[in-house]
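Hi,

Here is the structure I promised to pass on.

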Amino acid sequence: MPNPNKVTERLFQSPSKYIQGPYAIQNAAKYLSKLGKSPLLICDDIVWNIAGQSLVTALENSQFKVYRALFGGEASREEIDRLSLLGKDNRVDFVIALGGGKTIDTAKTVADGLAVQVAVIPTTASTDAPCSALSVLYRPSGEFHCYTFFHQNPNVVLVDTTVISRAPPRFLAAGMGDAIATNVEARRCMNSTNFGGGLQTEVSSAICQKCEEILFKYGKQAYEANKAHAVTPALEAVVEANTLLSGLGFESGGLAAAHAIHNGMTAIEELHKLLHGEKVAFGTICQLVLDGVETSELDRYIEFMLSVDLPVNFEQLGISHVTDEKLREVAELACAEGETIWNLDRVINVDFVFGAIKAADAAGRDYIQRTGWRKNL
């Protein structure tokens, strides 16, 4: 039920500082110096080779003492406990997250447990995790576990678009899949409390709308620029939409069915290989079905998703033979107590969500058949 406590205050929250631009990592010391001098750097081996060494060089040239901690790959409580112990042993004074969404969510939770500040340096624009005061945690098996909430947002978010442009385009597309849900969800939970515990402000609503506008305007162009490893105005705009606008929008606007259905989909083992935003994109189609939008409106979103190679049906998700029993399990998890689907200002039950999931698959298949869409090779 939306807003059971009858909250009337509006609330907006954000990171203390957001920096974005080409070769921004080279200036990291300038922006991180106020946080401390002995950070715990959390990143995996792949990211270390891509950006970690250059970041450490830039910091050590400014008299930072960096303690590197290897990220194990899953944003789980077990991994957080292990990394927290490393931070305590080395008496770090802040934490740096360098990598993708799970690295970022892990580092934010580690920093909160150590009671130190956190700087987030994403190496892909694949999620809206960098700016928020929450983390999504998973079980070691990969299934969704819970949301964890913090008292404040990251202190610094530093986005190097040169690094982003060198990442596989699939990550940028997944970020768009996550970000395209922002306005779709927020506009349907105007009377629900957001992640800060307040109602939407006018600025949060405007941010959600601007996020969607940028994606439809520049998404395909940015995707193609990413394929060419080119930093262009379109790429800059979409990176900002995926990272800043979507991050501010979902947190101060609110989540609803798209992300709840994503969380339910983590129960399907075959989907663990997909990126967060790829599943959220399909969840967005499900929500649009639940919202009862016109076919022309539904087509607009499906067309956009296909233009950046996001999945719009079961076959593209890799679950063409999924059973109704498994889909009903997804619907039940999406409707679990405390899930974001209950932010919707409408009647919801498991049967409705189960039907929406099947209808979303049908809508995606129908669009492809009607338009003769073919994937560009």
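The largest cavity holds about 40 Å³ of space, and the structure has one cavity of 30 Å³ or more. By cavity I mean a set of points, on a 1 Å grid over the protein atoms alone, where a 1.4 Å probe fits but cannot get out. Grid points are joined across faces, edges and corners, and the volume is the space filled by probe spheres set on the points.

Before you read on: this is a predicted model, where local features need pLDDT of at least 70 and side-chain atom pairs count only at pLDDT 80 or more, while totals for chains, interfaces and linings use all residues. Residues are numbered from 1 along each chain as its sequence is written, and side-chain values use heavy atoms, with hydrogens and water left out.

Back to that cavity. Its lining (residues with an atom within 4 Å of a point) includes I261, M265, F282, F314 and L327. Helix 9 (257–265) and helix 13 (324–334) each supply at least two lining residues. Helices here are DSSP runs (H or I, at least four residues) and strands likewise (E, at least two), numbered from the N terminus.

Next, helix 8 (residues 233–253), where you'll find S252 and also T243. S252 is buried, at a relative accessible area of 0%, and T243 counts as buried too at 1%. The cut-offs are under 20% for buried, over 50% for exposed, and partly exposed in between (1.4 Å probe, protein chains only). Contacts (heavy atoms within 4.5 Å) beyond four places in sequence link S252 to L11, F12, Q13, N194, Q200 and S204. For T243, with the four-place limit applied again, they include Y18, D128 and V159. A polar atom of the T243 side chain also sits 2.9 Å from the backbone oxygen of V239.

Finally, R370 is in helix 14 (residues 350–371) and is partly exposed, at 43%. Its side chain makes a polar contact of 2.6 Å with that of D366. That term means a pair of N or O atoms within 3.5 Å; within protein, one must be able to donate a hydrogen and the other to accept it, and residues adjacent in sequence count only if both atoms are side-chain atoms. Leaving out residues up to four places away in sequence, R370 touches T295 and D299.

Cheers

Definitions and conventions
On a 1 Å grid over the protein atoms alone, a cavity is a set of points where a 1.4 Å probe fits but cannot get out, and a pocket is an open set with protein on both sides within 12 Å along at least five of seven lines; lining residues have an atom within 4 Å of a point.
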